[in-house]
Amino acid sequence: MSHPGDLLSAYLDGEASPADRRLMLEHLGGCSTCRDGLRALEEARDAVRSLPMLEPPRIGRIPARARRPSVAWALSGVAAAVIALGLAFVPDEPEAAFDFDMLRDQHTARLVVDPGISTLRGPAGAP
Amino acid sequence: MADDAVPSWEEVARDHGRKIYNFAYRLTGNRDDAGDLVQEVLLRVRKGLEGYRPGSFDGWLWRITRNAFLDDVRRRKRRPSVPLPDDDPGGLAPSPSPDEELARVRLGEDVQRALLQLPYDFREAVVLCDVVGLTYEEIAEAAAIPVGTVRSRIHRGRKMLKELLT
Amino acid sequence: MSRRGLTALVVAVAVSLPLGAAADDSLEELMTNAGSGEFHAVGVVMCSWGADSAAATYEVERSAGMSMVHGPDRDLMLSGSLVAVGSDSGWYAFEVAEWSSWTLSDRYSLGEPVATSRLGRPATAVTILEGQRVRARLVIDDESTIPLVTEIFDGEGRLFRLATLVEFSVGSRDDHPPMPTDFDARSVMQSAGAAAHLPASAAGYRRADSYAAPLGGVQSYYTDGLFSFSVFEAKRGAIPVEFRQATRFSVDGGVYRRIVSPTTVWVHWSSPDRSYVLVGDLPPDHLVAVLAELPEPGERGFFVRLWRRWFD
């Protein structure tokens, strides 16, 4: 048998066929190059396998297309409105006076005094 | 509501969320991207579960995961290589015991760095095999490539890793 | 509600109405009990609304009448009517001073309960019917009566919102989440009675209360007992920056913009005189029906706009 090449990794992973495994064993018995190769592969594999499994963060969200209103945005909106008012020649309307964080809080404040489905109600204030 | 053959969405979320997260983290080295991917995958799984037929669930799940990951990479128009943990202190949000976690992450830094230097195809095959624990056949199904290609990618990936680590 | 309570409820439903519909007092009881009990849970809530979708994970801890909700970027502590919000910049609190009592619309009824299990626990699956249509399906933990899964369906029977717990344990834990010790001065007490230019009811939703809203606006809170929304109205202005990229949709020819979050939908529109923001958890078909009964979107003429810009 010539040097088994990528069968070495398959052998290591138990992914070689029984026939290949037998051939490989015979070959490894007489080939120190492949024995060294196998050891190196095993070390590389173990290095990756021993990487710590990290815990995903509990909290996260996907703002698919939705943009969550934020104080910064609202403030920039108010600032823009103030500037627009100053420049009375600009034919744009100023933004309506909505601070979305405050609207959310205010809706939440009223919402929580009603009974509701708790698993939905729980995170309702923090979309 | 329980179904013996097809796992429920909650089971997928509970049992696979961690692996999906680690898959993405090891491919990108970025925790935020990894967290985003977990949720994107779970959304897609939720949509796809109704049409899922009992079969190789892992192959199916990891195909979704891989596609979500690649879509994300394409959307960001960059290679799936981002700063390493030590370059990105903000990404290392410590959870239960910060020092311990940090030390554990640090331990794998050289390996993570080496992983990120592998060509994407090799890195993906190695991560699916050795981090996620898929069989060659499942990897083949997930990546839509022949088993022989999986074998060669894992082999070459490990060889390169070994060289990078010594 | 105890296990005994739930069993009694299930029996009452099964016995009293063998055809599958139940008196809504069972549903009232279910709703009330869904908000009590001590537990710790990690959940995922997701919403798919047209082409928009959003999801979030959250952690809830409830003990001693207090709930602590850890959300994506802020924490909420609920205790009675007091809501405390915590983030990196500290805590602040707000509450409403008065509110009208909760009533459940008679359009909802409980379907027949089915024994099941969830997260390895004995549970009961119940449907909430709106007329003949399934509006929601809950899987309720038998021991605690906490809903482990909540599915809400749209007018065509499609699932549009799902809240599901992936970890759940009953009782209080030893390692309580940290409670806020000092609050920022930003405590807001909302007072009822502000004047609103909105109808007393819309598409089965009753205007329960009105409050003075921030920046001179008015908040009107509508509820049908199951879903609810607030409409904020203010003097007409340009589209807020948050909504400029939002999805546009139309109802009766009027154009609205919406943003979907996992638990709520935000809608913005302007009439010739006022701008409105609606925020709530109502389903898409209800939203369309409600919008049709609220002031409709409209532009105002250039000279009116100019006049108001300069002299209003």
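**Reading the model**

Mentor: From the N terminus on, chain A runs α-α-α-β-α-α-α. That gives six helices and one strand. Helices (H or I, at least four residues) and strands (E, at least two) are DSSP runs, numbered from the N terminus. This is a predicted model: local features need pLDDT of at least 70, side-chain atom pairs count only at pLDDT 80 or more, and totals for chains, interfaces and linings use all residues. Residues are numbered from 1 along each chain as its sequence is written, while chains are lettered from A and ligands numbered from 1 in the order in which they are written.

Trainee: What share of the residues in chain A is buried?

Mentor: A residue is buried if 20 or more other C-beta atoms lie within 10 Å of its own, exposed if 12 or fewer, and partly exposed in between; C-beta atoms are placed from the backbone. In chain A, 45% of the 127 residues are buried.

Trainee: Is helix H6 of chain B mostly covered or mostly open?

Mentor: Mostly covered. H6(B) spans residues 120–132, and ten of its 13 residues are buried. Among them are B:Phe122, B:Arg123, B:Glu124 and B:Leu128. Just after H6(B), B:Gly133 has a positive phi of about 85°.

Trainee: And what about H7(B)?

Mentor: Six of the eight residues in H7(B), residues 136–143, are buried.

Trainee: How do I describe two packed helices?

Mentor: Two packed helices are described by the angle between their axes and the distance between the axes. Axes are lines fitted to C-alpha atoms, for helices over the stretch in contact, and angles run from 0 to 180 degrees between N-to-C directions. H6(B) and H8(B) (residues 147–165) pack at about 95°, with axes 8 Å apart. H6(B) and H8(B) are therefore roughly perpendicular (65 to 115 degrees). The residues of this contact divide into seven nonpolar, one polar and five charged. Here Ala, Val, Leu, Ile, Met, Phe, Trp, Tyr, Cys and Pro count as nonpolar, Asp, Glu, Lys and Arg as charged, and the others, Gly among them, as polar.

Trainee: Which residues have the most contacts inside the largest nonpolar core?

Mentor: In soluble globular proteins, nonpolar side chains tend to be buried together. A nonpolar core is a set of buried Ala, Val, Leu, Ile, Met, Phe, Trp, Tyr and Cys residues joined through C-beta atoms within 7 Å. The largest one has 142 residues, and B:Ala24, B:Leu128, B:Ile139 and C:Leu148 have the most contacts inside it. Its largest share, nine residues, comes from H1(B), residues 9–28.

Trainee: How many residues of chain B are in contact with chain C?

Mentor: Two residues are in contact if their C-beta atoms, placed from the backbone, lie within 7 Å. Eight residues of chain B contact ten of chain C. On the chain B side, H1 and H2 (31–48) each give two or more residues.

Trainee: What is the strand order in the open sheet of chain C?

Mentor: Strands of a sheet pair through backbone hydrogen bonds, either parallel or antiparallel. Two strands pair if DSSP finds at least two bridges between them. The eight strands run S14-S15-S16-S17-S21-S20-S19-S18, with antiparallel pairing. S14(C) and S18(C) are the edge strands, each pairing on one side only. S20(C) and S21(C) pair over six bridges.

Conventions: Angles under 35 degrees count as roughly parallel, over 145 as roughly antiparallel, 65 to 115 as roughly perpendicular and the rest as oblique.
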